[in-house]
Structures are given as structure tokens and as C-alpha cells.
Amino acid sequence: MRVFGLILITFAPALFGWMRAYRESKRPEVLLAFARLIEQIRFEISTFSTRQSALYDHFENPVLEQNGFLAALRSASREQSDAALYSALEAQKEKLDLDAESYRVLAEYARTLGRGYLSDELERAKKTETFLSKRADLIKEDAHKRARLYRSAGFLFGASAFLLFC
Amino acid sequence: MQALEEAFFYLPERMRLPIRRVSARLKICEIRLRRDLPLSVTGENGNILIGECGAVGRVNDALKARADELEEIVDRLCEQSVYRHADALWRGYLITPGGLRAGLCGQMLYDEQTRDWKPDLKGFTGINLRIPRLIDGAADALIGYYESHALCSALIYSPPGAGKTTLLRDLARRLSCGAYRKKPFRVAVIDERRELFPEQSGFSCGLLDLISGLPKALAIERAVRLLNPQVLICDELGLYEDTRALISASNSGIVFLASAHAESRAALFQQSALKELLCAQAFQVLCGIRADPVLGRTYRIEEVG
């Protein structure tokens, strides 16, 4: 029992650090996935003039699929006629773990989607897409550093705990 | 009734119940929303103000539509996809799949990029939701005339909202189904804005070909050339190009049934495009509709010339 407790105390911080590091490294990927989603919306609108309820029918992305966002988006799109993207974002806010600025820009885009003329829609989509891509680049470096930090901190805590209790 | 139910979908929650109450007492033809002005419906007896609990007598007691509500309605009419409906918004009307006709008014903006005018999406000042109806027997008077004479080209006229479109719809349906002399006719309907036969209207018809989305003049030419119709139906004539297309097709042996806005026969002749059409003897019969609050609809059928 004591050995089991020791293992738990040693590995729990390391595991926690590793998980936080994994989440940090995923952040830019999520932003890039959203940029890809907006690119798809822009394509659907400009090429097929697709109605909003059918905008996401042909979109696939492993990152957004994995974190459950696409399932939420499709279900919102089926259940309600307006602002499906915004509803899905609101519902998945916690899970997505986006930084405040990215979330604000994304939510603003989602809230006003479909409420403008073609040129305005395309312009807004392009702007949001560019913002998200740049933001992803910006936080990539930062996310790497923080991931390293969490991993090291986790390992250190684990090691200290091991030394303390041994 | 189905169309009225569809109208409720587009309306703000607080307006649904009072309008529903009024609709139980009279047939509603139009629902009119104006920004910060009284909400009203148009029935066969005229305009009725709508308050919180139903019909009200005083303007001050009536509900008033807010700017954001009008914006929301337009958004819903556009299926939350305004970019798909820019042309319709520019023309000032939207037709829903169920056949509701929404007339829009408000502020227009000049777009420097496209060098064209477009409606300000935040500047709508009024929406008129017109409820389409299929009234069995709307064409009784004209069909009765044809029974005793022969099928011939007719121009139907009346002021707006008196039932020209309803009459044409019933005529199209009955002629294409064989209700007249038990012979179904090949009927071509020029329905530029899908007002006569909306997408999901469920109006059952017989040998009916529908051309929509094209300007009337072009559609008339195509219908005559390609569809070989026996009867050609066209709503709301008035432009020179439409009447000229009709004149050039009028000697082809096709029966034309069309409608135009006019208060009286004399008013028809005051519209230069229609005068040209009538002088060219494209129509043999004129059918005037008058909607009277007491007598209901009355039809006046007379021969041209």
C-alpha cells in the first residue's frame, strides 16, 4: 500500500505536467483548425452560395472532430436554424480552451455569420481566418515553451515528492 | 392557413398570439410591421391594429415593431444567409419556400465598390408579409364565362390585394386539371418570383409547366418556343418589354391569361404599355375584380372593343 502511494505521489505531478503540456501544444492546432473551418465557409459561400444550415456538411477536420466541436456544430445546425456556429462555440467554450482574444474574435465572427452581403461575408471570413492563422503562429512558440515548462515542473514535483517520502 | 402558420415562424414571439387571435375571427391577407409604428393586419374588411391581446381600436394601444425585430425577421426570411438573397433584397421583396411574400422597405445605401444601391441591413423600416391563398372557386366567374362562350385570352385587373394572383392560381390549377369542359390543357405559368406556385405550396396541378426566375419577356418567348402551351399564364404585366413579348406571341394560337394593376377599365388604358397591348387585341376579355367589405369579391367580365 505504501509503495502504491509512493508511486502515485511520484507520478501524479509528472502526469499532470505532461497532460498540461499536451494541452498547450494542442492550442495552435485548434486555432489552425478553426482557420480551416472558416476557409471552408468562405469557399462554400463564394462558390455555391450555400445556405448557413448546410455550410458544415462537407467539412471534416480531425482536431475539431476529436475535441467534439464538429459533433456539437452539426447537432446545433440540425436543431436550430440560426447561429449554429455561435451556439456550438458557446457550448464547447470550456472544452476548446482557447485564449480570450481568439475566442472573442471567433465568437464575433460566428455571431454575425450570414448577416451580411457576399462581399462583407467574404471580407470578414478572410480577416478572421488571417487573424487565427497569425495567432496560431504567435502562440506556437509560446505554447512550446509552456509545454516544456509544465513537463519539467511536473517531473520536478514528482522527483521531489519521491525524495521527500523515500 | 398553412401560409399563415409559416408567417408566425418569422414573427417575434410577442406578436404571434395576438395575431393568432385575430386570425381566428377573420381571414388575414397581410401582416404589416413598421419600425416604431403600429402593427396591423389587413383583412377583407380593411386594416386592423394589433395590440398585446388581439385587435385594438386605438393607435396608441397597438404593438410597435422594434428595429432589431425587423432585422431579425429579415434574417430569418433570408435563412440566416443574407448573401444568398442580395438580389431579392435589392428588389425589395423575399419569397419564402412556403409562398409568403415579404415586401421590404427602408434605407438604401450606395456601394462605392459595386457602384450600385443596396438596402441597409440595419435600416429596414417596414415589412409587409402577404399570405398567399388558394381559394377554390376564385375562378368560378371566368370559368363560367368560358363555359358559355369559349376559352379566350383574358386580362384580369384590380387594385393591389384584390385577388388577381389567387384567381390566376385557381385558373391555372383548374385548366391544367381538366376542370373546364373535362379537358386538361397544357398550361405554362410564367412565375418570375414564385408567387403563383411557391416551392412548398403543395398546390396540386395537372399539365402545368412552370418557368420561374426569368424576366417575363424572356420567359414568354421561351415558353412559346419550347413548351408549346395551349394556355399561358402571366402575373402582373406592366413593363413595355413584357407587353411587347406578349403582343409578338399573341397570334400564335395560345390563350393568354394575365393580370395587371388597375382600378378600372379606363385606368388600364391610361397605362401606355397596357394600352398598346389592348389596342393590339392581344386579349378578347377583360375581367375586373372588386373586393368589397360587404359584398365580398365581385367580378366584372366584358369583351374588349
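Helices (H or I, at least four residues) and strands (E, at least two) are DSSP runs, numbered from the N terminus. On that basis chain B holds 10 helices and 14 strands. The radius of gyration of chain B, taken over C-alpha atoms, is 20 Å, close to the 19 Å of the globule rule (2.2 Å times the number of residues to the power 0.38) for 305 residues, so chain B is as compact as a globular protein of that length.

This is a predicted model, in which local features need pLDDT of at least 70 and side-chain atom pairs count only at pLDDT 80 or more, while totals for chains, interfaces and linings use all residues; side-chain values use heavy atoms, without hydrogens and water. Residues are numbered from 1 along each chain as its sequence is written, and chains are lettered from A, with ligands numbered from 1, in the order in which they are written.

**Chain A**

Chain A has 7 helices and 0 strands, in the order α-α-α-α-α-α-α along the sequence. The radius of gyration of chain A is 20 Å, whereas a compact globule of 166 residues would have one near 15 Å.

**Chain B**

Helix α8 (residues 240-249) of chain B has D242(B), T243(B), A245(B), L246(B) and A249(B) as its buried residues. These residues lie on the same side of α8(B), because they cover an arc of only 160° around the axis. They pack against α7 (216-227), β11 (231-237), β12 (255-261) and α10 (272-279) of chain B, where contact means heavy atoms within 4.5 Å.

**Values by chain**

Accessible areas come from the Shrake-Rupley method with a 1.4 Å probe.

| Chain | C-alpha extent | Buried residues | Accessible surface | Carbon and sulfur part |
|---|---|---|---|---|
| Chain A | roughly 70 × 30 × 20 Å | 40% of 166 residues | about 9800 Å² | 61% |
| Chain B | about 55 × 50 × 35 Å | 51% of 305 residues | about 14400 Å² | 49% |

Among contacts with a separation of 6 or more, residues 24 or more positions apart account for 68% in chain A and 61% in chain B.

Terms used
Buried < 20%, exposed > 50% of the residue type's maximum accessible area, 1.4 Å probe, protein only. Arc of directions from axis to C-beta.
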